[in-house]
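Reader: I would like a close look at one part of this model, the place where two chains meet. Please give the cut-offs as you go.

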4 protein chains.
Amino acid sequence: MSDIRCIGIATGGGDAPGLNAVIRAATKAAILKYKWKVIGIPDGFDGLIWPEKSFELTLDKVSGILPRGGTILGTTNRGNPFKYKTEENGKEVTRDISDQVIANAAKLGIDAIITIGGDGSQKIGLELFQKGVKIVGVPKTIDNDLSATELTFGFDTAIHTVTDAIDKIHTTAASHHRVFVIEVMGRDCGWIALAAGIAGGAHVILIPEIPFSIKAICESIAEREKLGKHFTIVVVAEGIKLPQELKQMSRGWPVGNTIGDAIGLFSNKEVRVSVLGHIQRGGSPSPYDRVLATRFGVAAVDLLAEGAFGKMVALRAASIVAVDIARAIGHLKTVDPDGELVSTARAVGIGFGD
Amino acid sequence: MSDIRCIGIATGGGDAPGLNAVIRAATKAAILKYKWKVIGIPDGFDGLIWPEKSFELTLDKVSGILPRGGTILGTTNRGNPFKYKTEENGKEVTRDISDQVIANAAKLGIDAIITIGGDGSQKIGLELFQKGVKIVGVPKTIDNDLSATELTFGFDTAIHTVTDAIDKIHTTAASHHRVFVIEVMGRDCGWIALAAGIAGGAHVILIPEIPFSIKAICESIAEREKLGKHFTIVVVAEGIKLPQELKQMSRGWPVGNTIGDAIGLFSNKEVRVSVLGHIQRGGSPSPYDRVLATRFGVAAVDLLAEGAFGKMVALRAASIVAVDIARAIGHLKTVDPDGELVSTARAVGIGFGD
Amino acid sequence: MSDIRCIGIATGGGDAPGLNAVIRAATKAAILKYKWKVIGIPDGFDGLIWPEKSFELTLDKVSGILPRGGTILGTTNRGNPFKYKTEENGKEVTRDISDQVIANAAKLGIDAIITIGGDGSQKIGLELFQKGVKIVGVPKTIDNDLSATELTFGFDTAIHTVTDAIDKIHTTAASHHRVFVIEVMGRDCGWIALAAGIAGGAHVILIPEIPFSIKAICESIAEREKLGKHFTIVVVAEGIKLPQELKQMSRGWPVGNTIGDAIGLFSNKEVRVSVLGHIQRGGSPSPYDRVLATRFGVAAVDLLAEGAFGKMVALRAASIVAVDIARAIGHLKTVDPDGELVSTARAVGIGFGD
Amino acid sequence: MSDIRCIGIATGGGDAPGLNAVIRAATKAAILKYKWKVIGIPDGFDGLIWPEKSFELTLDKVSGILPRGGTILGTTNRGNPFKYKTEENGKEVTRDISDQVIANAAKLGIDAIITIGGDGSQKIGLELFQKGVKIVGVPKTIDNDLSATELTFGFDTAIHTVTDAIDKIHTTAASHHRVFVIEVMGRDCGWIALAAGIAGGAHVILIPEIPFSIKAICESIAEREKLGKHFTIVVVAEGIKLPQELKQMSRGWPVGNTIGDAIGLFSNKEVRVSVLGHIQRGGSPSPYDRVLATRFGVAAVDLLAEGAFGKMVALRAASIVAVDIARAIGHLKTVDPDGELVSTARAVGIGFGD
């Protein structure tokens with residue numbers, strides 16, 4: 001058992017429902033199970049760059065935050081201590097201030113740190129670990145594109161938000177005999193588009209993993225017309241690669257708009273486009289995400305207690321396991337175009353524009 | 001009492017949650033209370049242009065549609081029988097086919113018609129009434145901008161959808177210290193922006209009725225920063241008039257994006273923009289909208305039974321009343337910049353960019 | 001204009017979604033618009049009995065509470081200062097400690113008080129006003145049974161919760177060919193049962209205002225069977241008066257269970273009973289309730305500023321008005337059995353067991 | 001590949017959100033992927049006892065049912081063809097009418113059957129399989145207590161409904177300083193209570209797998225009081241075994257009421273009880289349940305196509321697998337009192353009354 005008396009918790013990267021649930025679970029477990037003190041490190045690692053910003057996380061501070069979106073610690077996409085951007089003599093320079101960060105953590109009495117964040121945050125955690133800091137990571141990616149874990153918190157809530165939007169648009173599309181294009185998150189992977197597309201009863205799903213053509217999409221629309229279905233719902237992941245012929249149509253708009261324009265041009269249908277954007281990262285976490293986030297938070301504290309540093313918690317076969325951060329990061333989990341989920345979608349008549 | 005034996009029901013214009021609830025209530029009241037037959041006229045008045053498309057609305061046909069968005073009759077924004085666009089000798093021409101429409105209604109055995117729709121549909125209804133058709137109107141406007149009625153169905157549901165989106169974005173904005181601009185519906189009036197802005201705890205609301213400047217918005221943001229609030233939520237009605245200096249920034253994008261760009265330019269804050277779009281017109285109607293739509297549907301049938309043709313149902317002081325369609329249409333209900341709702345918003349610290 | 005510098009806010013009686021929204025709006029308006037100090041009086045009037053429990057309500061304290069159910073001030077159904085129950089020499093005695101409460105308010109620097117609560121709390125407010133305290137009331141009744149105001153906050157949210165439950169039960173009832181009895185709130189009046197029953201598509205609604213018989217209910221069920229509808233949803237207000245023959249069946253259980261037992265006995269249908277209970281008083285307030293609560297909170301502060309003491313805010317014809325507390329309390333707003341809402345329900349086929 | 005040309009689909013047992021999603025997916029896959037005809041067998045196996053009740057499931061019939069609770073096929077808990085209860089000469093007798101059922105299936109042209117249902121339905125399916133019928137099963141249990149599959153559809157939606165109720169009650173409990181007892185489903189196992197209890201932030205969870213005492217519960221309540229938390233939320237699975245001393249307190253009421261009475265008796269707290277009941281079985285299936293149900297439906301059709309009869313689909317390590325019905329049924333998956341989920345709950349301070 002490790003000789004920890006005080007831990008720090010930091011959240012980094014984009015928002016995801018469940019961050020507060022992880023903070024709460026880790027704080028409660030640290031205090032109640034191990035009698036540790038807990039320090040909240042605000043805004044990524046900013047609270048270690050300016051240690052006066054850091055503050056104690058008590059049971060009272062985490063009371064009531066389980067059902068709330070966002071993070072009470074704040075977060076940022078900047079502030080990598082190993083590549084810290086600052087201004088010197090009027091010029092922007094990049095400095096490694098990790099020694100200062102480590103010293104500040106010590107000054108705050110922090111013996112070990114839980115870093116809750118995406119690939120970027122985990123990489124910082126790994127580098128700190130390699131410099132001797134006791135680190136355990138909790139993975140966070142709304143896109144669910146991390147190969148080390150079957151699922152991350154926030155994804156289920158995002159699927160809810162998207163499915164709810166598709167449900168809403170469904171009846172309007174049907175009543176108006178229109179084509180609706182709905183752009184959802186998924187920079188590199190189509191998980192959100194695929195899962196929410198199946199759940200929402202979409203008719204065409206475009207994901208980065210499957211090349212598509214407007215011609216094939218318009219054929220799907222035409223086939224539906226023949227069946228007396230005068231509307232079509234197309235779910236588009238933001239990360240799809242536009243075919244060459246569409247690139248010139250894009251005017252810096254979201255990719256969903258370009259797809260919508262192209263469908264309008266090549267079919268005789270009225271098209272409407274909806275870019276869901278940031279509502280996918282917010283909201284009260286779903287029960288699934290609350291439970292998963294709670295399990296992750298407790299497991300991270302348990303790993304610290306066991307002295308299993310440099311590890312990241314992950315979900316595999318419904319169990320929480322620990323994986324090496326070093327091995328976990330940088331491996332994208334993409335949708336298998338020949339896998340069961342895509343073939344299930346095809347079996348219920350969903351097209352992929354291919 | 002009128003000698004009606006069969007009525008037709010038509011829905012026109014944009015989608016609004018509660019259309020099906022009106023159809024159901026009118027159909028049930030007509031059949032159960034008056035023993036009338038009911039004909040569904042699909043796609044606006046298309047079902048009277050091509051009468052073979054029309055079909056009987058039975059109790060079975062309207063069973064289960066109360067909680068559903070959209071309209072089982074379909075709808076369209078085109079197809080005005082008085083200005084019917086058709087092609088003759090390869091040229092688009094506009095014809096008055098109202099006589100044919102009236103003849104088709106007679107052929108279908110329709111003695112009277114309930115038109116559920118916006119200003120455009122009510123105007124068609126009025127003109128048909130002036131040609132002798134027994135018409136009663138049910139108002140529909142998601143924007144709630146009709147002066148003849150205190151409220152229309154669909155508005156409450158839209159407010160729900162927008163408030164839910166603001167709630168979701170709130171925690172992300174707070175966690176990331178960002179400015180979020182949320183564009184909502186409201187072509188001529190700011191009712192959705194104002195009500196949902198108050199309900200969602202927005203900090204700045206921009207509506208067509210109140211001129212604004214980017215400078216004032218940025219001052220609101222700066223004031224919040226001074227209070228330690230490093231995020232600001234700006235709700236923007238789609239119908240706001242851009243100040244001259246912003247017009248050149250617009251690139252054909254939604255107005256919310258232009259506001260977002262301008263705030264980003266004139267403040268030192270990161271800005272994100274969310275254009276909510278069509279999800280505001282969809283979804284299961286809220287209980288309030290279901291009840292109001294049911295009351296409207298029953299009242300419309302009662303008016304037909306009383307022989308009160310050329311009337312439109314409306315809500316005033318919590319009661320259903322009948323108003324002349326002729327007087328009801330064309331009168332916009334705008335937000336009073338000096339009224340109680342705006343001053344309530346100001347009292348809780350909401351700015352209007354003025 | 002009154003010479004107020006500091007106000008107190010108290011919440012009393014049962015829970016209702018929107019209490020926090022009133023507290024927030026009143027606090028913000030007092031601080032931002034009038035530069036007053038605000039004191040939160042916890043747990044009804046307990047904070048004036050034990051003044052050390054009271055605390056300052058700052059902008060920070062009310063930040064983020066708009067969408068939350070409950071009241072940050074706490075509440076209680078006991079603690080009437082005019083009939084304060086205490087123990088003296090081992091016996092429970094009732095004392096008038098209102099002078100002490102008034103003295104404590106003065107000691108806390110409170111110049112005027114906003115009392116948010118039901119009939120009981122308003123009566124206490126009135127008696128304090130009659131002893132010279134500057135009081136303004138905000139009405140609160142989940143049942144919406146106060147004749148002085150068209151609507152109160154919390155009611156719309158309760159209707160949502162009940163409608164959502166009816167929606168959920170609808171599909172199960174239909175799939176299983178069962179009768180479902182759903183007991184909802186409404187001690188003296190049937191507003192919740194009536195509004196949610198219409199919104200949820202109930203088939204029979206029992207309310208205190210309309211006498212009913214099991215025989216008539218079973219006839220409604222049998223008629224539906226004839227139409228091929230093998231399920232029936234019966235919504236029951238908790239406050240219905242049981243017919244003589246049913247009183248002996250009641251075993252101290254909720255009234256909904258007795259109705260369910262009786263239907264099971266007198267029809268050949270399987271019956272299930274659901275008593276919704278306290279979930280009807282909780283949850284995030286609906287947008288409508290948030291806006292109404294905000295308007296009430298601001299209006300109460302404005303009334304204090306105008307020196308209009310002894311008044312209660314109310315909603316009439318979509319406007320906020322002030323009414324005398326003395327005239328407002330004790331007048332129940334019951335459902336009119338011959339009114340438009342009941343006849344609308346009948347027109348769409350809903351029975352009332354009469 | 002099997003020489004199937006027509007399949008039947010039956011749903012049996014209690015309601016669970018996602019049944020319609022399975023029916024839709026299986027019907028679409030059968031028609032679109034395999035060009036089979038599909039027959040809907042209504043009300044458990046009743047549609048094979050009275051074959052005239054059965055009807056063809058077309059693409060149109062399953063259109064729009066994905067988001068709806070219940071089952072369009074209807075369901076029943078009775079009607080086991082091997083133990084069919086009927087009346088002969090005024091006496092109830094039990095007959096094996098399976099031969100007649102099999103003959104009727106053949107008469108309808110049904111080559112194979114998908115049985116969607118709980119243990120009871122799967123057992124009937126197995127016995128039909130053993131008599132030569134081509135059967136594939138889809139597991140259904142709202143309680144998620146089947147050891148053969150990690151998850152079943154409906155469970156996630158039930159967790160949502162319960163968590164939503166706990167969220168609603170949380171603020172009321174906190175505002176009123178009360179103890180709330182919430183009884184949830186779980187006849188033999190505590191999965192719903194445990195998952196929703198963690199997700200809802202409950203303080204005490206009582207499940208059939210962990211013996212408890214009222215004394216320990218009251219100690220948990222007292223400890224919370226010491227921490228200034230004057231409310232406690234107790235989630236109780238309906239299937240808990242009452243300790244001897246409590247059995248006499250039960251008056252035939254739901255178990256949650258007995259627990260509530262006992263807590264009220266042995267602590268000095270006001271207690272309220274909420275028995276959630278059938279709303280847990282209804283509602284639009286959550287996105288997770290819609291996807292899982294769709295995967296199950298397609299996989300069941302694929303198994304029929306492969307000739308893998310007598311199998312049941314199941315979820316293991318995020319993949320769909322096939323298990324022998326014979327081995328799958330009758331094995332309860334109980335909560336491990338020493339497992340990770342219970343210890344996670346304990347780590348965040350949840351008590352189990354032990």
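Author: Two residues are in contact if their C-beta atoms, placed from the backbone, lie within 7 Å. The model is predicted, so local features need pLDDT of at least 70 and side-chain atom pairs count only at pLDDT 80 or more, while totals for chains, interfaces and linings use all residues. Residues are numbered from 1 along each chain as its sequence is written, and chains are lettered from A and ligands numbered from 1 in the order in which they are written.

The contact between chain A and chain D takes 34 residues from chain A and 34 residues from chain D. On the side of chain A that touches chain D, the elements that give two or more residues are α1 (19-34), α5 (155-176), α6 (191-200), α10 (287-306), β13 (319-324) and α12 (340-347) of chain A. Helices (H or I, at least four residues) and strands (E, at least two) are DSSP runs, numbered from the N terminus. The largest share of that side, seven residues, is from α10(A). By class, the side of chain A has 19 nonpolar, seven polar and eight charged residues. Here Ala, Val, Leu, Ile, Met, Phe, Trp, Tyr, Cys and Pro count as nonpolar, Asp, Glu, Lys and Arg as charged, and the others, Gly among them, as polar.

Of the interface residues of chain A, 100% are also interface residues in chain D, so the copies meet through the same surface.

Chain A itself is divided into domain 1 (6-153 + 285-316) and domain 2 (156-281 + 336-347), with bounds from an automatic or database domain assignment. Taken over C-alpha atoms, the centres of these two domains of chain A are separated by 35 Å. Twelve residues of domain 1 of chain A are in contact with 13 residues of domain 2 of chain A. On the side of domain 1 that touches domain 2, the residues divide into five nonpolar, three polar and four charged.
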